[in-house]
Amino acid sequence: MAANFWTSSHYKLLMDPEKVDMVQPLDRERGITLEDFKLIKMSMANYMGKLAQQVKVRQRVVATAITYMRRVYTRKSMTEYDPRLVAPTCLYLAAKAEESTVQTRMLVFCMRKLYTDDKHRYETKDILEMEMKILEALDYYLVVFHPYRSLMQLLQDAGMGDRDSIHFTWGLVNDTYKMDLILIHPPHLIALACIHIASVYNDKDTVAWFEELRVDMNVVKNISMEILDFYDSLKTNIDEKTNMALMKLPAKQ
């Protein structure tokens with residue numbers, strides 16, 4: 001595992017937003033729009049979160065799994081790589097990468113427990129076959145750095161080490177995985193954006209602290225705005241839109 005983000009494969013794999021937001025040609029042929037694409041990825045992130053609770057792995061595993069899934073879809077289509085199989089397989093792979101191994105039979109059992117329909121019904125062999133495809137799609141780069149790593153120290157330094165601030169900011173970081181931010185920005189900047197939102201929300205004066213950090217506040221504020229825009233988008237009826245998007249995926253083979 002690389003100890004330094006700036007020399008890691010994660011840093012080298014950071015992408016421009018335009019490349020992350022690219023719907024693959026096979027998916028476009030099925031009528032999947034950019035909005036559909038984002039909604040399906042968010043739905044699968046939620047699915048992985050539910051599965052993780054069932055198989056009892058920690059949040060870091062979920063975050064790594066979601067990052068894998070989002071990386072895969074910058075290179076592969078949802079038409080060829082069914083998200084309903086990719087999501088649990090990424091969780092299985094991330095659990096191994098984060099040394100919290102999950103048995104495939106337990107994963108399959110929990111998948112059936114959560115969803116009884118045929119679209120989510122996959123077997124152990126399906127997960128193992130998809131694992132190899134995902135590894136190839138990721139070029140075997142499994143190192144992921146997360147905002148959690150620097151968050152606690154930054155909160156302490158900012159004078160926001162109280163329980164409420166930690167809980168609030170941690171929740172913001174969790175929600176950033178419902179977006180593609182981890183593919184675009186260094187994780188410490190995502191952490192700082194969440195602290196920035198938390199400080200404004202809780203009326204904490206962190207202006208001088210941010211100035212001392214000598215980070216590009218335009219980038220931090222832009223990330224903050226992306227997060228707030230995401231929350232605004234949740235005010236619309238996204239469940240119906242998500243279901244419509246999922247219906248555009250091909251029938252399970």
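Which residue with a positive phi follows α12? Asp203 does, with phi near 55 degrees. The close-ups described below are taken from a predicted model.

**Figure 1. Helix α12 and its surroundings, residues 187-201.** The 15 residues of α12 reach 21 Å from first C-alpha to last, close to the 21 Å expected at 1.5 Å a residue. The helix is mostly covered, 12 of its 15 residues being buried. The buried positions are Pro187, Leu189, Ile190, Ala191, Leu192, Ala193, Cys194, Ile195, His196, Ile197, Ala198 and Ser199. The elements that cover them include α9 (148-157), α10 (163-176), α11 (181-184), α13 (207-213) and α14 (217-233).

**Figure 2. Helix α5 and its surroundings, residues 59-72.** Helix α5 has 14 residues and spans 20 Å between its first and last C-alpha, close to the 20 Å expected at 1.5 Å a residue. Because 12 of its 14 residues are buried, α5 is largely enclosed by the rest of the structure. Among the buried residues are Val61, Val62, Ala63, Ile66 and Met69, as well as Thr64, Thr67, Tyr68, Arg70 and Arg71. Cover for the buried residues of α5 comes from elements including α1 (9-12), α4 (34-55), α6 (83-97), α8 (124-137), α9 and α11.

**Figure 3. The packing of α9 against α10.** The two axes lie 11 Å apart and form an angle of about 155 degrees. As this angle is over 145 degrees, α9 is roughly antiparallel to α10. Their crossing is right-handed. On the α9 side the contact is made by Tyr148, Leu151, Met152 and Leu155; on the α10 side, by Ile166, Thr169, Trp170, Val173 and Asn174. By class, the contact residues of this pair divide into seven nonpolar, two polar and no charged.

**Figure 4. The packing of α4 against α7, residues 104-114.** Here the axes are 10 Å apart, at an angle of about 120 degrees, and α4 is therefore oblique to α7. Helix α4 passes α7 in a right-handed crossing. Helix α4 contributes Tyr47, Lys50, Leu51, Gln54 and Val55 to the contact, while α7 contributes Met106, Leu107, Cys110, Met111, Lys113 and Leu114. The residues of this contact comprise eight nonpolar, one polar and two charged.

Figure 5. Most residues other than glycine have a negative phi. Is Glu99 buried or exposed? Glu99 is exposed, its relative accessible area being 73%.

**Figure 6. Asp216 in the loop between α13 and α14.** The relative accessibility of Asp216 is 44%, so this residue counts as partly exposed. How far is the C-alpha atom of Asp216 from that of Ile182? The two C-alpha atoms are separated by 18 Å, and the residues are 34 residues apart along the chain.

Note on methods. Residues are numbered from 1 along each chain as its sequence is written. This is a predicted model: local features need pLDDT of at least 70, side-chain atom pairs count only at pLDDT 80 or more; totals for chains, interfaces and linings use all residues. Side-chain values use heavy atoms; hydrogens and water are left out. Helices (H or I, at least four residues) and strands (E, at least two) are DSSP runs, numbered from the N terminus. The expected span of a helix is 1.5 Å times one less than its number of residues. Buried means under 20% relative accessible area, exposed over 50%, partly exposed in between (1.4 Å probe, protein chains only). Contact means heavy atoms within 4.5 Å. Axes are lines fitted to C-alpha atoms, for helices over the stretch in contact, and angles run from 0 to 180 degrees between N-to-C directions. Angles under 35 degrees count as roughly parallel, over 145 as roughly antiparallel, 65 to 115 as roughly perpendicular and the rest as oblique. A crossing is left-handed if the near helix is turned anticlockwise from the far one by less than a right angle, and right-handed if clockwise. Ala, Val, Leu, Ile, Met, Phe, Trp, Tyr, Cys and Pro count as nonpolar, Asp, Glu, Lys and Arg as charged, and the others, Gly among them, as polar.
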